[in-house]
Amino acid sequence: MRIGVYVCHCGGNISEVVNIDEVLNSLKNEHDVAFVKDHEHLCSKEGQEIIFNDIQEYKLDKITIAACSPQFQGPTFKTLMERAGLSPYLMEMANIREQSAWVHYDDHKKATDKAKELTKMAIAKVRYNEPLSKYSIDIGKRTLIIGAGIAGIQAALDLADSGIKVYLVEKDPSIGGHMAQLSRTFPTEDCSACILSPKMADVPENPNIELLTYGEIKDVSGYLGNFHITVNRKPTYVDAEKCTACGDCADVCPVELLNEYDGNLATRKAIYLPTKIAVPHSYVLDTEHCLGLNPLACGKCQEVCKADAINYDLYEEEIEFDVDTIIVATGFELFDAKEKPEYGFGKFKNVIDGMQMERIIVSSAEGNPLKDIGKKIAYIQCIGSRDKQIGRPYCSRICCMYAIKQANLLKKGMPDRDIYIFYIDIRAFGKGFEEYYNTAQENGVKFIRGKVAELMENPDTGKIIVKAEDTLNRQMIETEFDTVVLSVGIGPSKTTENISNMLKLARSSDGFLQEAHPKFKPVDTLVPGIFLAGTIQGPKDIPDTVSQASGSAARAIRLMNQGEYFFDPLLAFVDEEKCDGCGLCVDHCPYNAISMAGKTAEVNTAFCSGCGSCISYCPKDALDLHLYTNKQLLEQIKEAVINKGDEPRVLVFADDMTAYRLADNVGNAKGIYSPYSRIIKVPSSCRVTPKLLLQAFHYGADSVLILGTETKSSPYPHCQEEIERSVKIVHNILKENEISDKRLFNTTIVTVMIKKFSGIINTYTDLAKTLGPIPLEKREKLLKDLGKKIFGGSHE
Amino acid sequence: MSKMIDLSKEADEFLKKIEELSGEKITSCIQCGICSGSCPMINEMDLTPAQIMLMTLLGQKEELLKSKSIWICASCYTCTVRCPRELDLSKVAEALRQVKLRLSIDRIDINKMDKADLEELPPIALVSAFRKFTG
C-alpha cells in the first residue's frame, strides 16, 4: 500500500501554532506511507495539482490530508480524488486546524503533539478505507417555500418561471409579509405597496405555483428528493373565488378589534380584508373573535353577502404532498419595545415604534391620518439592536435607513417639522444609502450622537421628555417632543424555533437560522436540499432579501436540474461468512432495512439510513458500517490511546451531525480546551458499540465521552435510547471490574454550545487526572469473554 | 489652540491597569452615552460617564485623576443595567479611585503649616485631616 500524506499550513492558520516540520518528521517512518509533504495552501489550485500529479507519478493508493475540518474542504479533496481516478473514499483528513491549531494556540508544543497524533489516527483509518462508490437518488422538480413575504414570493416566481412546481405556504390569510405594510422604500422612495402588489398578483396567476395561504406546516419527513410535507390549512369561511371584496359583511359585523396591520392604531372587524392589496383578494373571518359560526349566535355577515361567498360549514384541512427541495423564508418579527420599559412604549401615547409611523405616513398620504404626530419629532435608534442586555448584540441593518426615510418623508409633507435623530452610529452602507442620509441632512433633519437613556411623559400635555447625552459635545439634553419614534430592530420570526426543529436546521447564537458557510454557501443549510431566503438567515433590507431569495431559488434549481443527487455510501453491510442467521438485527432496525435472505441477514440499501445501531446487536461481529467500520474505528482508538505516556487521554466519539460540527465551531470561536482529548468522528452516537467502548478502555483510554444529537432534532431519533443501552452494559462491566463508571459519559449537545463543549472536555480530563490511569491487570481482563458479558451468554 | 492627545505607551499602560483593576473591557465601549443620560448625579459631574470611558481608553490619566466625577459616582448601577455592551461603569470609577488613592498624595504638609496653628489645633483634628486629604 502506498499512502501519500500531506500537511497543510493553511496560510499560517495552522503553521503559526503547529510545528509543521516536527509533524512531517514524526510521520516519515509510519509504515505504508510513501512520503510526507507540506504546502502553504493544499486547497489552492497549486496544492491540488501537487496531490494530483503525485497520485499519477507515484501510483499512490490512498491519501491522508492533515488540514482543516473535513466539513470544510472535504468535498474539494474528494472531487480531486475522483479527478485523479481514485475512489473519493480512499482519502482521510486529519482536522489539525479546528481541533488543534485553533483550540490549543496557548500551548504550541501540545498542539504539535496533538497534530501528529491526529494525523496518525487518520493514517490508521485510511489503511482500511475501501474503494467505494457514491450512490445516487433521483430528484424531481418540486419545491416547498415556507413563508410568502417578499423573499418567498421572489423565490416562488423565480422557481415557477424556471419550470419548477412550487408549493407556497403562508401562515397569514394574505401573502406580502411586512413589505405590504410599508409606506415607501429607501433610498429611492418607491411606494412599497405599488411595487409589491404586481408581484403578489403574479403568484396565483402562475400555473406552476400552488398557493396555500392560512396554512401551517404540521410535519416534514424524508430527505432531499423525497420530502413529505403535511400542511394544516385553516378555513377563512369566505370563498375567495366568489368574494368581491365589497365590504358589506364588515359593515354589519358587530365585533371591533385593534388592527395589527395598522400597528394597532386603527380597528377592524372580525370579518376583514387583511390589506388593501391582499392576495387572495378576499375577506377573511377571524374565528377567534367572531361571535360564533352560527346564525343563532350572529350570522349577520352571511345574511348580507350578495355574492353568497360566506360558508360557516368549513373545517381545517390537512394537505399532504411531496417535494424535492425546501426554501425557508419565514422572515422576521419586530422587536417589542415593551421589553425596554424605560421608553414607556405602550404606556405613553406619544411614543410609537417605526412600523406605527409607517402606517401613519401611509394613512396621512391617503388624507386620513391614524394619529396626530405634531411638529417636533425625535427618533431613537438601536431599540432592540446592538444591545447585549436583551440578548440582541447584532445590528438590525434597516433601522438607520428607515428612520432617515421617514424623516425625509415627514419633512417633505411638512417642511417646518423639527426632526431629530438620536443615533449611536449611522450605518448607511448600501447602494445610494449615504447619499440618502445626506439628503436628510440637507432637508434639515438634525442628527444627534447619543443613545436616549429614558423617556418621561409630561402628564399635563402628554408631550415626551427625552433624556440623553450629546456625546460629541459632552452636554446633556432634556427636551420635550410631540412624538418620539422608537426605531425598533428585528429578530427571527416566532415560528423559527418550530421550523428549525422540524427541519433539523441549526440556529446561530442570535436565534436566526444558520447558513452552511458564511462566505460561500450563504443560502444553503447543512441539510441537503433545504435553503434559506431573506431575514430568517439574519437582518437584511429589501434588495438584499430579494437577491438572497433569487440566490436560494438558483441553488435549488441547480440541485433539481441535475436530476440525481449523490450520497456517501454510508450503509450497513453483512459479512455472510460470520453471520449465523440469528436475526437479532432484523428486529432492531428502526428503518426495517434488514431482512433474512436464506440463512444470513441482508441489508436493503434503499432503506438503510447509516445510523449503525444494528451493529451493537450482532453477537458475531458480522454487521458493519461502510465508512466507519469496526476495524477503522478500532485502529483510530489504538492510535489515540496507546503510547500516550503519562498523559491522560479523553476519547471523544463525536456524531457527525452535531458534536463534530460543534467541535469545529469551538475551533472557529478560538475556544481553548484540554489538549489531552482525541475526537473520533462517528455518523451517530449509536454507531459506538459496547465492544468498541471496552476496547477503548482496554487499550488505555482514561475516560470516554459520547456526544450526540438531541432526539428531537436528530435524523436518528432512536439513537439516544440505543446508546444509553450500550452505555449501561459497559457501565456494568466496568463496575464488575472495579473500574469507576464515571469514566464513561454519554450526552447530547447542540451546535451552539461552545462553552459547554470546552467545559465537558475539561471536566473529563480533570476526572481522568484525578482517577489516574486504569491498572494494566484490570484493563487486560476487560476483553475476556466479551460475547458473554455483552450478550449475557444467551447466544453462545 | 486645540488640545493634543498623546497616544503614548504610558497611555496604553494606564488603560491596561484600569481594565485589570475593574475587570471591564473598556475598549468595547461604543460611546452611545446611555450611561450619561441615565446618571442621576450627572449635573454634579465635570466629566460624563461616557467621557470617562473614552478618556480611560485614551489613557488621559492626569485629567481623570483630577476629575470630581469619579468621587461623585454613587454606584447606583443605573448605567450598568442599561449599558448595551454590559459594561460595569461603577467598577471603572472604583478602579480610578483606587489608582488615585494609591498615589498617597498628602495634601497637608505638616512642615508648611503655621506654627501657631499647630499649637492651637487639637492633635485629633490634625490626624483626621491627614487621613481625609490623602490621595
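**Salt bridges and exposure in a predicted model**

User: Why is Lys3(B) called exposed?

Analyst: In this predicted model, Lys3(B) has a relative accessibility of 59%, and because exposed means over 50%, the residue counts as exposed.

User: What makes the contact between Glu63(B) and Lys3(B) a salt bridge?

Analyst: The side chains of Glu63(B) and Lys3(B) meet at 2.4 Å, N to O, and since the cut-off is within 4 Å, the pair qualifies as a salt bridge. Glu63(B) belongs to helix α4 and Lys3(B) to the segment before α1 of chain B, so the pair ties together parts that are 60 residues apart in sequence.

User: Why is Glu63(B) called partly exposed?

Analyst: Its relative accessible area is 25%, which falls between the limits of 20% and 50%, and therefore Glu63(B) is partly exposed.

User: How do you know that Asp425(A) and Arg449(A) form a salt bridge?

Analyst: Their closest N and O atoms are 4.0 Å apart, and because the definition asks for a distance within 4 Å, the pair is counted as a salt bridge. Asp425(A) sits in the loop between β22 and α12 of chain A, while Arg449(A) is in strand β23, so the bridge ties together parts that are 24 residues apart in sequence.

User: Is Arg449(A) buried or exposed, and what makes it so?

Analyst: Arg449(A) has 12% relative accessibility, and because buried means under 20%, Arg449(A) counts as buried. Asp425(A), with a relative accessible area of 27%, is partly exposed.

Methods
Residues numbered from 1 in each chain as written. Chains lettered and ligands numbered in written order. Predicted model: local features only at pLDDT ≥ 70, side-chain atom pairs only at ≥ 80, totals over all residues. Heavy atoms only, no water. Helix = DSSP H or I, 4+ residues; strand = E, 2+ residues; numbered from the N terminus. Buried < 20%, exposed > 50% of the residue type's maximum accessible area, 1.4 Å probe, protein only.
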